[in-house]
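Please keep the sequence and the structure in view while reading.

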Amino acid sequence: MQSILEYMTNEHAKCDAHFATAEQQVSKGNWQEANAIFNDFANAIERHFMMEEQVLFPYIERTMGNSGGPVAVMRMEHSQMRDLLKILTEMSEQKDREGFLGTSETLLILMQQHNMKEEQILYPMAERILADGQEQVIEEMENL
Ligand SMILES: [Fe+2]
Ligand SMILES: [Fe+2]
């Protein structure tokens, strides 16, 4: 059985790989490839955010009630990352290399810190809450 931590950590790694490739293509000035890969990355991360916001986080919030503070922080960080993704999409379309590489650095740092908090705190918490129900939650996220 795949655990929530394993499944979601693998999702983070896939998104990171897309992102690194997009950055490489931008720095080389291959805008056509860069735009296509950045688009894939933006779609993949948006889907991952939705899986968390619509399926995983509500399970944690239902169990923790008002002490669900960590989830609220994660939701807020998603919104910060979405703002940066929007800016990066525009910069990529406008072929703004310097702007893109500067803003992507900010997104990378935010994303790394966010993912680390999820992998070290939130997902282990979800595993304890869900226990044997983990597989079913993974299925729910995949069917979204
Ligand atoms: Fe997240
Ligand atoms: Fe995540």
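A residue is called buried if 20 or more other C-beta atoms lie within 10 Å of its own, and exposed if 12 or fewer do. The model to which this term is applied here is a predicted one.

The account begins with helix α1, which covers residues 4-28 and so comprises 25 residues by the record of its DSSP run. From its first C-alpha to its last, α1 reaches 36 Å, close to the 36 Å expected at 1.5 Å a residue. The buried residues of this helix are Ile4, Met8, Phe19, Ala22, Glu23 and Val26. They pack against four other helices: α2 (31-64), α3 (69-93), α4 (97-130) and α5 (134-142). Just beyond the end of α1 stands Gly29, whose phi is positive, at about 80°.

Attention may now turn to pairs of helices. Two packed helices are described by the angle between their axes and by the distance between those axes. For α1 and α2, the angle is about 155° and the axes are 8 Å apart. Angles over 145 degrees count as roughly antiparallel, and α1 is therefore roughly antiparallel to α2. The crossing in which α1 passes α2 is left-handed. On the side of α1, the contact involves Glu11, Lys14, Cys15, His18, Phe19, Thr21, Ala22, Gln25 and Val26. These meet Glu33, Ala34, Ile37, Phe38, Asp40, Phe41, Ala44, Ile45 and His48 in α2. Sorted by class, the residues of this contact are ten nonpolar, four polar and four charged. Phe19, Ala22 and Val26 belong to this contact and are also among the buried residues of α1.

Leu56, Tyr59, Ile60 and Thr63 of α2 make the contact with Met125, Ala126, Ile129 and Leu130 of α4. By class, seven of the residues in this contact are nonpolar and one is polar, while no charged residue takes part.

A last stop is Lys86, which is located in helix α3. Is this residue buried or exposed? Lys86 has 11 C-beta neighbours inside 10 Å, and it therefore counts as exposed. Thr103 lies 17 residues from Lys86 along the chain, and the C-alpha atoms of the two are separated by 11 Å.

Note on methods
Residues are numbered from 1 along each chain as its sequence is written. Chains are lettered from A and ligands numbered from 1 in the order in which they are written. This is a predicted model: local features need pLDDT of at least 70, side-chain atom pairs count only at pLDDT 80 or more; totals for chains, interfaces and linings use all residues. Helices (H or I, at least four residues) and strands (E, at least two) are DSSP runs, numbered from the N terminus. The expected span of a helix is 1.5 Å times one less than its number of residues. Two residues are in contact if their C-beta atoms, placed from the backbone, lie within 7 Å. Axes are lines fitted to C-alpha atoms, for helices over the stretch in contact, and angles run from 0 to 180 degrees between N-to-C directions. Angles under 35 degrees count as roughly parallel, over 145 as roughly antiparallel, 65 to 115 as roughly perpendicular and the rest as oblique. A crossing is left-handed if the near helix is turned anticlockwise from the far one by less than a right angle, and right-handed if clockwise. Ala, Val, Leu, Ile, Met, Phe, Trp, Tyr, Cys and Pro count as nonpolar, Asp, Glu, Lys and Arg as charged, and the others, Gly among them, as polar.
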